[in-house]
Amino acid sequence: MKRASTGPELSVVIPVYNEQAGLARLFARLYRALDQLGMSYEIVFVNDGSRDQSVAILAAQFRRRSDVTRVVLFNGNYGQHMAILAGFEAARGQIMITLDADLQNPPEEIGNLVAKMREGYDYVGSIRRKRQDAAWRTYASKAMNQLRERITNIKITDQGNMLRAYSRNVVDLINQCGEVNTFVPALAYRFARNPTEIVVEHEERSAGDSKYSIYSLIRLNFDLVTGFSLVPLQFFSMLGMVMSLVSAMLVAVLLARRVFLGAEVEGVFTLFAISFFFMGMILFGIGLLGEYIGRIYQQVRARPRYVVQSILQRLPGEEEVG
Ligand code: UDP
Ligand code: MG
């Protein structure tokens, strides 16, 4: 389990999904930034089932820099967080950095994260100084951030940002979890003893488009909420209790009116409006239950979370060839 003696000081884990257009630019900046740090490092790319030329480009880069490069190849698309988990499994470093492949997280910031880790923190999150994403995403993400802040006890200022550093201990704990749907920074925060955050730059996507559709963003946020909080379920229990009380009072009032005033039929449309509103609430509640139950189902089936097709890496002790 412990490979501390043989591993590098730093492991950088990068999920890659259809990023052929930007990988060359990423390599140019990433390897230079890491070479300049003057510490031993490895870069673990995880190909999340790309259907473009990403695999060929990663393989070529592996041949160029096999001394510090490893490539984990999935047999399909399992999502960014599964890719990072597979990277964590493969990584051997003492400090782990995660970062996106699209250069939105400047590789030059890695040095700052490492410096912060050396001050004794075991988790360094980051806050984007100025977020360079579409306006609707920035606002939706801010709102989700606030909601998550209230219903979980996870203190992450900027949850969407993946440029973060984790200690070996935290990653070992993450590796012990078998969660099928998870959110890596939140999980790490749970395990960290001494977490902190720094402010980093954020750039526009260097090439290609975001790999998240609105649908996958919603799903990801459900993973975060259901994976780290039961408050939404409790909210519906509370709402149910309040509603029962209010209805009981309404029944009493209506009964009294029936006795003292006789039969009445006014206010039918108000009644419709109220009942449609509550039907909506009930459907939402059932859907929310389903979100939890579906995840429980996936978890109890206990299928492999992802399938690694192959790993490109130099065997320990193997010399440079060519
Ligand atoms: N990614 C992945 N699998 C996916 C979606 C995304 O590995 O199913 C990777 C993607 O290649 C990138 C990172 O996750 O390295 C962040 O994705 P993206 O930049 O599209 O997300 P955004 O910045 O729009 O949140
Ligand atoms: Mg991005």
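## Basis of the description

Residues are numbered from 1 along each chain as its sequence is written, while chains are lettered from A and ligands numbered from 1 in the order in which they are written. Because the model is predicted, local features need pLDDT of at least 70 and side-chain atom pairs count only at pLDDT 80 or more, whereas totals for chains, interfaces and linings use all residues.

## Overall division

The protein chain is divided into domain 1 (10-214 + 304-312) and domain 2 (231-301), with bounds that come from an automatic or database domain assignment. The C-alpha centres of domain 1 and domain 2 lie 43 Å apart.

An unreviewed UniProt entry places the feature "domain: Glycosyltransferase 2-like" at residues 11-171; such positions are given in the numbering used here, feature names are shortened, and annotations may be inferred rather than shown by experiment. The span is 42% helix and 20% strand, and the C-alpha atoms at its ends lie 11 Å apart. Helices (H or I, at least four residues) and strands (E, at least two) are DSSP runs, numbered from the N terminus.

In strand E1 (10-16), 7 of the 7 residues are buried, so the strand is largely enclosed by the rest of the structure. A residue is called buried if 20 or more other C-beta atoms lie within 10 Å of its own, exposed if 12 or fewer, and partly exposed in between, with C-beta atoms placed from the backbone. Both faces of E1 are covered, with Leu10, Val12, Ile14 and Val16 on one side and Ser11, Val13 and Pro15 on the other.

E1 pairs in the parallel sense with strand E2 (residues 41-47) over 7 bridges, and with strand E4 (residues 95-98) over 4 bridges, where pairing requires that DSSP finds at least two bridges between two strands. Leucine 10 stands opposite tyrosine 41 in E2, and serine 11 stands opposite methionine 96 in E4.

## Around ligand 1

Of the 16 residues around ligand 1, Pro15, Tyr17, Ala101, Ser210 and Lys211 come nearest, a residue being near if its C-beta atom, placed from the backbone, lies within 6 Å. Strand E1 and helix H3 (80-90) are the elements that give two or more residues to this shell.

## Isoleucine 311

Isoleucine 311 lies in strand E8 (residues 308-312) and is partly exposed, with 13 other C-beta atoms within 10 Å. Isoleucine 311 and glycine 49 are 262 residues apart in sequence, yet 13 Å apart in space, C-alpha to C-alpha.
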